[in-house]
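Welcome! Please take a moment to look over the sequence and the 3D view before reading on.

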Amino acid sequence: MQIAGYRTGPDDPALLLAADGSVERVSLEPSVELAYPLGERHCAGVIDDGTHYPCDREPAPYCDRHTHEWAPTYADEEHAIYLAAFAPAMFKVGITRSWRLDTRLREQGADRAAHIHTVSSGPIARGVEREIAAEIPEAVRVETKIEGLAATVDHDAWEALLEEHAPIETFEFDYGFALPERPVAERLATGIVLGTKGRILVLERAGTTYATDLRELVGYEIAAESTRDRQASLGAF
Ligand SMILES: [Zn+2]
């Protein structure tokens with residue numbers, strides 16, 4: 001059994017586990033208990049129409065053959081240009097098709113956001129984004145987002161930024177959990193789910209809170225012991 005992918009929230013965050021060509025969704029809703037000790041890691045292959053095609057090449061999460069370049073340009077679709085805030089004070093600019101704005105912001109785990117321009121196509125949106133990117137970065141690393149998990153957004157810094165950009169609409173997101181202190185960053189798929197924030201999975205295990213980048217789990221084989229236990233418990237039904 002291999003972790004072959006994941007889905008981010010808000011409605012149905014899940015790990016995708018593949019075994020013998022089939023794919024099972026494991027919910028990452030709060031209070032779900034995970035017990036997937038990580039074994040060897042290799043390319044996660046590809047999931048196509050519900051079937052998993054494994055790959056034993058070494059690069060993970062994907063080898064060259066299975067790396068997808070996500071650079072689509074949607075020439076005819078209306079795009080939104082947005083600013084997103086990650087606690088305590090990391091801000092970024094980004095673009096997305098207008099209808100995906102709310103989803104896109106949640107996928108990234110933004111704490112706050114502002115829709116600042118609407119344009120008629122992807123290429124125009126990229127042009128505007130590049131101009132703004134002279135002052136505000138286009139990406140915030142997941143490690144940085146994890147460092148800010150227990151923090152709150154620097155309200156004054158965010159408001160000052162918004163004053164320069166005259167927002168059309170502003171957003172504030174709540175991911176359903178609050179952490180008293182910064183979790184330990186670790187690759188882990190064992191523990192009780194406290195919640196997800198975009199690609200970040202927050203787990204509690206033996207009284208300690210851990211944060212894992214879901215992408216960092218993709219490609220791991222689940223250690224055999226857990227598979228056997230699991231099959232035994234399924235057999236009990
Ligand atoms: Zn591969």
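Here is a short tour, from the domains down to a single residue.

## About the model

This is a predicted model, in which local features need pLDDT of at least 70 and side-chain atom pairs count only at pLDDT 80 or more, while totals for chains, interfaces and linings use all residues. Residues are numbered from 1 along each chain as its sequence is written.

## Two domains

The protein chain is split into domain 1 (2-62 + 178-235) and domain 2 (79-172), with bounds that come from an automatic or database domain assignment. Their C-alpha centres are 28 Å apart.

Where the two meet, 15 residues of domain 1 are in contact with 11 residues of domain 2; contact here requires C-beta atoms, placed from the backbone, within 7 Å. On the side of domain 1 that touches domain 2 there are 7 nonpolar, 3 polar and 5 charged residues. In this grouping, Ala, Val, Leu, Ile, Met, Phe, Trp, Tyr, Cys and Pro count as nonpolar, Asp, Glu, Lys and Arg as charged, and the others, Gly among them, as polar.

## A hairpin

Now look at strand 2 (residues 14-19) and strand 3 (residues 22-27), which pair in the antiparallel sense over 6 bridges. Strands (E, at least two residues) and helices (H or I, at least four) are DSSP runs, numbered from the N terminus, and two strands pair if DSSP finds at least two bridges between them. Leu15 faces Val26 in strand 3. The two strands make a hairpin with 2 residues between them, and Asp20 in the turn has a positive phi of about 50 degrees.

## A sheet and its helices

Next comes an open, antiparallel sheet of 4 strands in the order 9-8-10-11. Strand 9 (90-97) and strand 11 are the edge strands, each pairing on one side only. Strand 8 (residues 79-86) joins strand 9 over 8 antiparallel bridges, and Ala85 has Phe91 in strand 9 as its bridge partner.

Helix 2 (residues 122-132) packs on the sheet, touching strand 8, strand 9 and strand 10 (112-119), and its direction makes about 170 degrees with that of strand 9. Such angles run from 0 to 180 degrees between N-to-C directions, with axes fitted as lines to C-alpha atoms, for helices over the stretch in contact. Helix 4 (residues 155-165) also packs on the sheet and touches strand 8, strand 9 and strand 10; its direction makes about 10 degrees with that of strand 10.

## Tyr175

Finally, Tyr175 is in the loop between strand 11 (169-172) and strand 12 (184-185). Beyond its neighbours within four places in sequence, Tyr175 is in contact with Gly195 and Lys197.
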